[in-house]
Amino acid sequence: MMETWIAVSLIKGLLRSLLLTEILELAAAACFPQRNKRDFLLVFLVNVITNPVVVYLDYWFRFRMPSVVLWIAILEFAVWLSEAWIYRKCLTGRQNPFFYSLVLNAASYFGGMVCNWIL
């Protein structure tokens, strides 16, 4: 019974986080010039890959780490770097992929914090 509750909670958290991340990052991507459907699809797919991994790792390890702040910083740095690398290889626009990834991730991280604070 307890395992079922944990699995359901984890799946709900993963889906809620992915949906919010997609909304916030696609909205942030829309603020960049030279946007196109292919780049929006890329942002969507990159988040489908990275967001569940990060949420899952955070779910299991956040409170097992000596510093929650350091843990979150490591996770977010890893996401920023991996997404920037993918954007560098695949973006069709002329955006700086590192800045693009930074802005999109900052929008989703801080937007998520605001949503969690409000709700």
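**Note on the predicted model**

1. Start with Asn51. Setting aside residues up to four places away in sequence, Asn51 touches Leu14, Ser17, Leu18 and Thr21. With Thr21 there is also a polar contact, side chain to side chain, at 3.0 Å.

2. Where does Asn51 sit? Its place is in helix H2, which covers residues 37–61. Is Asn51 buried or exposed? Asn51 has a relative accessibility of 10%, so it counts as buried; the cut-off for buried is under 20%.

3. Keep in mind that this is a predicted model. The average pLDDT of the protein is 93, and 100% of the residues reach at least 70. Which element has the lowest mean pLDDT? That is helix H1 (residues 2–30), with 92. Helix H3 (residues 68–90) has the highest, 95.

4. Now look at the surface. Leu41, Phe44, Leu45 and Val48 make up a nonpolar patch there. Together they have about 330 Å² of accessible area. Phe44 belongs to helix H2. Its relative accessibility is 36%, so Phe44 counts as partly exposed.

5. How many salt bridges does a search of the whole structure find? The search finds one. Asp58 pairs with Arg62, and their closest N and O atoms are 3.0 Å apart. In general, side chains of opposite charge can pair when their charged atoms come close.

6. Compare the two partners. Asp58 counts as buried because its relative accessibility is 18%. Arg62 has a relative accessible area of 24%, so it is partly exposed.

Methods. Residues are numbered from 1 along each chain as its sequence is written. This is a predicted model: local features need pLDDT of at least 70, side-chain atom pairs count only at pLDDT 80 or more; totals for chains, interfaces and linings use all residues. Side-chain values use heavy atoms; hydrogens and water are left out. Helices (H or I, at least four residues) and strands (E, at least two) are DSSP runs, numbered from the N terminus. Buried means under 20% relative accessible area, exposed over 50%, partly exposed in between (1.4 Å probe, protein chains only). A polar contact is a pair of N or O atoms within 3.5 Å; within protein, one must be able to donate a hydrogen and the other to accept it, and residues adjacent in sequence count only if both atoms are side-chain atoms. Contact means heavy atoms within 4.5 Å. pLDDT is the predictor's confidence in each residue, from 0 to 100. Patches are made of residues with over 30% relative accessible area and no salt bridge: like charges are joined within 9 Å, nonpolar side chains (Val, Leu, Ile, Met, Phe, Trp, Tyr) within 5 Å. Accessible areas come from the Shrake-Rupley method with a 1.4 Å probe; for residues, only the protein chains shown count as cover. A salt bridge is a side-chain nitrogen of Lys or Arg within 4 Å of a carboxyl oxygen of Asp or Glu.
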